[in-house]
Amino acid sequence: MKSYLPYSSFIAIGNAVITLVLYLAGFHTDPSKLQTANYIAGAAGLALGIGFLVVGIRAKRALVPTTEDFSYGMALVSGVLISLFAVLFGAAFQFIYQSFVNPGFADVVIQAQAIQLEAKGIPSDQIEKIAQITRMMTKPAVQAVMGIFGGMIFSVIICLIAAAFLKRKAVETPLT
């Protein structure tokens with residue numbers, strides 16, 4: 001378990017830094033910039049996550065002697081454990097971020113959503129109903145729980161693919 005934590009931490013810390021930079025740059029306080037922030041955070045977070053996930057699985061594979069298989073299952077479990085801790089650390093950060101660092105984040109999300117819905121011609125009474133649901137769904141605890149489930153589903157898909165490339169057959173050494 002110990003070898004998974006550094007890579008999980010790097011993923012979570014990297015995503016936290018991205019979030020804080022976007023916040024300090026004003027992307028999380030202006031509804032018109034929120035979609036751009038989501039694109040930036042999504043692309044950077046995906047690259048960061050895949051990168052450290054691959055490095056973490058390779059590090060785990062390096063601990064297995066070359067005379068033994070590092071099977072698809074072993075690679076998958078390694079990736080899933082790295083992802084699990086990264087998602088848990090990330091959810092904790094997101095809860096802290098939305099509760100203490102940027103408590104107005106939910107309002108920005110609701111404003112951005114209302115602007116998009118108005119542009120589509122949705123009546124204001126329907127926009128208000130949608131805003132009530134969104135307000136409930138953007139509470140820090142709800143976001144943390146949804147982040148854990150959503151993050152794990154997405155991460156497992158990435159792990160399924162990465163494990164196929166990072167498995168390794170045992171190499172037989174000739175007897176001398």
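This is a tour of the predicted model shown above, one selection after another.

Residues are numbered from 1 along each chain as its sequence is written, and side-chain values use heavy atoms, with hydrogens and water left out. Because the model is predicted, local features need pLDDT of at least 70 and side-chain atom pairs count only at pLDDT 80 or more, while totals for chains, interfaces and linings use all residues.

**Stop 1**

Select helix H1, residues 5–24. Helices are DSSP runs of H or I with at least four residues, numbered from the N terminus. Now show the side chains of Tyr-7 and Phe-10. The structure holds six aromatic pairs, and in this one the ring centres are 6.3 Å apart with the planes at 85°, so the pair is edge-to-face. Rings of Phe, Tyr and Trp (its six-membered ring) pair if their centres lie within 6.5 Å; planes under 30 degrees apart count as stacked, over 60 as edge-to-face and the rest as tilted.

Tyr-7 and Phe-10 are three residues apart in H1, so about one helical turn separates them. Tyr-7 is buried, with a relative accessible area of 18%, whereas Phe-10 is partly exposed at 42%. Buried means under 20% relative accessible area, exposed over 50%, and partly exposed in between (1.4 Å probe, protein chains only).

**Stop 1**

Next select Tyr-97 and Phe-105. These two form an edge-to-face aromatic pair, 6.0 Å centre to centre with 65° between the planes. Both Tyr-97 and Phe-105 are buried.

**Stop 2: a lysine over a ring**

Select Phe-27 and Lys-33. Lys-33 lies over the face of Phe-27, at 5.6 Å from the ring centre. A charge sits over a ring if NZ of Lys or CZ of Arg is within 6 Å of the ring centre and within 35 degrees of the ring normal.

**Stop 3: the largest pocket**

Rolling a probe the size of a water molecule over the atoms shows where empty space is left. About 1,400 Å³ of space lies in the largest pocket. Of the 46 residues that line the largest pocket, the closest to its centre are Asn-15, Thr-19, Ala-41, Gly-42 and Gln-94, so select these five to find the place. On a 1 Å grid over the protein atoms alone, a pocket is an open set of points where a 1.4 Å probe fits, with protein on both sides within 12 Å along at least five of seven lines; lining residues have an atom within 4 Å of a point. Grid points are joined across faces, edges and corners, and a volume is the space filled by probe spheres set on the points.

Which elements give two or more residues to the lining of the largest pocket? They are H1, helix H2 (34–62), H3, helix H4 (105–119) and helix H6 (140–166). H2 gives the largest share, eleven residues. By class, the lining has 25 nonpolar, 21 polar and no charged residues. Ala, Val, Leu, Ile, Met, Phe, Trp, Tyr, Cys and Pro count as nonpolar, Asp, Glu, Lys and Arg as charged, and the others, Gly among them, as polar.

**Stop 5**

Thr-19 counts as buried, at 12% relative accessibility. Leaving aside neighbours within four places in sequence, Thr-19 is in contact (heavy atoms within 4.5 Å) with His-28, Phe-93 and Tyr-97.

Ile-18 also lies in helix H1 and counts as buried, at 17% relative accessibility. With neighbours within four places set aside, Ile-18 is in contact with Ala-41, Ala-44, Gly-45 and Leu-48.

**Stop 6**

Select helix H3, residues 72–101, where Ser-83 lies. Is Ser-83 buried or exposed? Ser-83 is buried, with a relative accessible area of 5%. Not counting residues up to four places away in sequence, Ser-83 touches Leu-53, Met-152, Ser-155 and Cys-159.

Val-87 is found in helix H3 too, and Val-87 is buried at 13%. Beyond four places in sequence, Val-87 touches Gly-147, Ile-148, Gly-151, Met-152 and Ser-155.

**Stop 4: Met-146**

Finish at Met-146, in helix H6. Met-146 counts as partly exposed, at 38% relative accessibility. Not counting residues up to four places away in sequence, Met-146 touches Met-137 and Gly-151.
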